[in-house]
Amino acid sequence: MKIKSILVSQPEPTSARSPYKDLAEKNHLKIDFRPFIQVEGISSKDFRKERIQILDHTAVIFTSRTAIDHFFRIAQELRITVPDSMKYFCISEATAFYLQKYIVYRKRKIFYGNGRFADLVDILKKHKDEKYIIPLSDIHKAEIPELLDKAKLKYTKAVMYRTVSSDLSDLKDVNYDILVFFSPSGIKSLLQNFPDFEQNDTKIATFGPSTAKAVREAGLRLDIEAPVPDAPSMTMALEKYVKDFNNKK
């Protein structure tokens, strides 16, 4: 049997020039998208239990647009007015521009990196006297606190949202040749929704070492791994595998 269908465990790309669309057309594939995980904001009541005072800090570190949304949501729910003097340090320029949804951009002190947290830390180190607060999910990359600690920066981790498994019960009768995952949480959601899941001929593709590790720890077979030198993106890894697999049939 040739590979004909792929389920990507993420929201469908909004861009008309999605590489997944090209992949589907070039290789005659059916590609569906379904988020296996979703983000929920924690309540202001639960945030109070963390005993974190936003106004005790002079700067905020944002790693995503989601973090921005929940930071300002919590501030509003607690009736906190974020002062004009607050500085903002963002993972990327696109994330920094998203701040315009909540603040007058040109009147604030805003700094941004190139998309890598390690590079953002280099910018943070130039502002060692700041007291940083960093809004995060309950599940976040270990490198974030590790790099901040290594740089000896004064910061507070503030859990303002959490990652939870989506309800996938409507997928029970849907079979795909390849399942694509981007986080350990996606693997957790698969097994929570389908505790009797048997992989059989279904191929599993992952992006990133932590996701690959989660597949192996769950006792599943990992068939496609990205990024690798000859396939730095998920779509490139999928295309290479599908072409090799289908040509053998």
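## Two helices side by side

In this predicted model, helix α1 (residues 19-27) packs with helix α9 (residues 234-248) at an angle of about 10 degrees, and their axes are 10 Å apart. Because angles under 35 degrees count as roughly parallel, α1 and α9 are described as roughly parallel to each other, and the crossing that these two helices make is right-handed.

Two details of the backbone belong to loops beside these helices. The loop between α1 and β2 (30-33) contains H28, whose phi is near 55 degrees, a positive value in a residue other than glycine. The loop between β11 (224-226) and α9 contains P227, and this proline is joined to A226 by a cis peptide bond with omega at about -5 degrees.

## The two domains

The domain assignment of the protein gives domain 1, which is made of 5-36 + 168-248, and domain 2, which covers 40-163. When the centres of domain 1 and domain 2 are taken over C-alpha atoms, 31 Å separate them.

Another packed pair is formed by α5 and α6, whose axes are 10 Å apart and which meet at an angle of about 30 degrees. That angle makes α5 roughly parallel to α6, and the crossing of α5 and α6 is right-handed.

## The largest pocket

The largest pocket has a volume of about 1400 Å³. Of the 37 residues that line this pocket, the closest to its centre are I139, H140, K141, F182 and S183. The elements that give two or more residues to the lining are the strands β3 (37-41), β7 (131-137) and β8 (154-165), together with the helices α3 (65-77), α5 (117-124), α6 (143-150), α7 (184-193) and α8 (209-217). The packed helices α5 and α6 are therefore among the elements that contribute to the lining in this way.

By residue type, the lining of the largest pocket divides into 17 nonpolar residues, 16 polar residues and four charged residues.

Technical notes: Residues numbered from 1 in each chain as written. Predicted model: local features only at pLDDT ≥ 70, side-chain atom pairs only at ≥ 80, totals over all residues. Heavy atoms only, no water. 1 Å grid on protein atoms, 1.4 Å probe; cavity = no way out; pocket = protein on both sides within 12 Å on 5 of 7 lines; lining within 4 Å. Points joined across faces, edges and corners; volume = space filled by probe spheres on them. Helix = DSSP H or I, 4+ residues; strand = E, 2+ residues; numbered from the N terminus. Nonpolar A, V, L, I, M, F, W, Y, C, P; charged D, E, K, R; others polar. Axes fitted to C-alpha atoms, helices over the stretch in contact; angles between N-to-C directions. Parallel < 35°, antiparallel > 145°, perpendicular 65-115°, else oblique. Left-handed = near helix turned anticlockwise from the far one by under 90°. Domains from an automatic or database assignment.
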